[in-house]
Amino acid sequence: MKNTKSKTNPQPQSSSFQVPTTDNVNISALTPQKVFLDNKLPVFILNNSDQPIIRIDFIFNAGTYYQDVPFQAASACSMLSESTQKHTAKYIAEKLDFFGAHLEKEIGRDFVTISLYCINKQLANILPIVEQILKQPKYEEKEFRKYIVNEKQKHINSMQKVQNIARMRFQELVYGTQHPYGRILKAEEFDILQNTDLEKFHKNYYTSNNCKIILAGCIHEKEYQLVNSYFGGDDWDTKIKTTHKKYQTAVTKPTVEIIRKEGAVQSAVCIGKALINSEHEDFSKLSIINTILGGYFGSRLMKNIREEKGYTYGIGSGVVSYKNQGLFCISTQTAAETTHLCIEEIYKELKFLRTNPVSKEELALVKNYLIGEFMREVDGPLDMAERLKLLVQMDYSVNYYQNYLDAINLISQDDVLRLSEKYLHEDSMVQVVAGEILQ
């Protein structure tokens, strides 16, 4: 449940399947052993594999929500492995490759996750390199300038695409231009950022008292002690108290905005609003309702607008949970001449969702699909670590997933009507269209 976002996936083949029981879902297998390193850094262990494989996630509260300068958080994360106080980027890449290890960096609104994949016998060779990357990155001026030039050009190129224009303006309208979830990077702001801003951000946020670790796979005392020896010291602690502004919860003001881009082959459409996040008791059921609407290949939006009308190659909706708020968004691209027709059908589906009871057959199909998806996503040791990541990030217990499965079993036709009326009324939405709009 990464950022708790619903996905578009293949449709189940038959609606005659019985709704599966959640008795076959072993939620307790997601319960980690919680221990602490010598410096009190919390570690969550899933010893769930007989194969000699390991996944280590280092999770920091260091997303874009915390930055003081535009693009500061993303740059600090992206450039971690460019060079360190001891190693060049080439050395790091060659060593990781030699030892068969893989390093991933994920930057989000709230969190940064650095994930290491390797085999057990190479862990002692790899951790010293990872320690350097996390504790002593070297944001060299020359490499930083090269990085900024490249990223600025990528940004300029991406903003020529109507889907990016619509998506970014949508975020601004939903949250406000001063809110960290709504503030959109401008091309000229790349020139403001300095490599010293990255150093400052790293010093404040990539610290032991702002970190949690997940160890998953074949994990025993030896692996724990190795991690403790490299990351259990007080050499990367900080006593700095970093304060941030408190932002008001965004309340969506229904808005329609058209951004004309001459010569665009298609128009991009974003329709949605600010929403509750996963801390709210209604969120699980709302994510199920979203699946009915546009969260998988057999959803209503796909059947109507793609399969029956042929207005688009694909359309979907999602509910996203950030740490401090949530988001609902329907997005698609359609030909200029069918833009208005496509939007009309979207609003028809929203209205139909809140005014007509979902059939028992459709509701059973979606329940079956969601339980099957959940079982698939906890089918392997490293996949289970991905599910655990949300719990660790949000300080949830494993009961969060039990409550989600209970919501799938218990959601009723009345719940769909009630919650759709409460949260997804068609008159409560922000609508952004970017492209060459034909009258």
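1. A definition to begin with: two strands pair if DSSP finds at least two bridges between them. Helices and strands here are DSSP runs (H or I, at least four residues, for helices; E, at least two, for strands), numbered from the N terminus. With that in hand, strand 8 (266-275) pairs with strand 11 in the antiparallel sense, over 5 bridges. Within that pairing, Ile271 has Gln431 of strand 11 as its bridge partner.

2. A word on the model before going on. This is a predicted model, in which local features need pLDDT of at least 70 and side-chain atom pairs count only at pLDDT 80 or more, while totals for chains, interfaces and linings use all residues. Residues are numbered from 1 along each chain as its sequence is written, and side-chain values use heavy atoms, with hydrogens and water left out.

3. Strand 7 (residues 255-260) pairs with strand 11 in the parallel sense over 6 bridges, and Glu257 has Val432 as its bridge partner in strand 11. How many of the residues of strand 11 are buried? The count is 6 of the 6, so strand 11 is largely enclosed by the rest of the structure. Buried means under 20% relative accessible area, exposed over 50%, and partly exposed in between (1.4 Å probe, protein chains only). Val430, Val432 and Ala434 point one way from the strand, Gln431, Val433 and Gly435 point the other way, and all are buried.

4. Now to helix 3 (residues 123-135), where you can check the length yourself. The expected span of a helix is 1.5 Å times one less than its number of residues. Helix 3 has 13 residues and reaches 18 Å from its first C-alpha to its last, close to the 18 Å expected. Helix 3 is mostly covered, with 10 of its 13 residues buried; among them are Leu123, Ile126, Glu131 and Lys135. The buried residues of helix 3 pack (contact means heavy atoms within 4.5 Å) against elements including strand 3 (53-60), helix 2 (89-98) and helix 7 (221-231).

5. Helix 11 (residues 360-377) passes the length check as well: its 18 residues should span 26 Å, and its end C-alpha atoms are 26 Å apart, which agrees. Its buried residues include Leu363, Val366, Tyr369 and Phe374, and also the charged residues Glu362, Lys367, Glu373 and Glu377. The buried residues of helix 11 pack against helix 8, helix 9, helix 12, helix 13 (399-410) and helix 14.

6. Leu388 is found in helix 12 (residues 381-394) and counts as buried, at 1% relative accessibility. Leaving aside neighbours within four places in sequence, Leu388 is in contact with Leu30, Pro32, Phe44, Leu46 and Ile214.

7. Charges next. Side chains of opposite charge can pair when their charged atoms come close. A salt bridge is a side-chain nitrogen of Lys or Arg within 4 Å of a carboxyl oxygen of Asp or Glu, and the structure holds 28 salt bridges. Arg55, Asp57, Glu106, Glu386 and Lys389 are linked in a network of them.

8. Glu151 and Lys154 meet in a salt bridge at 3.3 Å, N to O. Because they are 3 residues apart in helix 4 (residues 141-158), about one helical turn separates them. Is Glu151 buried or exposed? Glu151 counts as buried at 18% relative accessibility, whereas Lys154 counts as exposed at 53%. Outside its sequence neighbours within four places, Glu151 is in contact with Phe71 and Phe190. Glu151 and Phe71 are 80 residues apart in sequence and 10.0 Å apart in space, C-alpha to C-alpha.

9. Lys422 and Asp282 meet at 3.5 Å, N to O; Lys422 is in helix 14 (residues 413-423) and Asp282 in the loop between strand 8 and helix 8 (283-294), 140 residues apart. Asp282 is buried, with a relative accessible area of 10%. Lys309 and Glu345 meet at 3.8 Å, N to O; Lys309 sits in the loop between helix 9 (300-308) and strand 9 (315-321), and Glu345 in helix 10 (residues 339-355), 36 residues apart. Lys309 counts as partly exposed at 34% relative accessibility, while Glu345 is buried at 9%.
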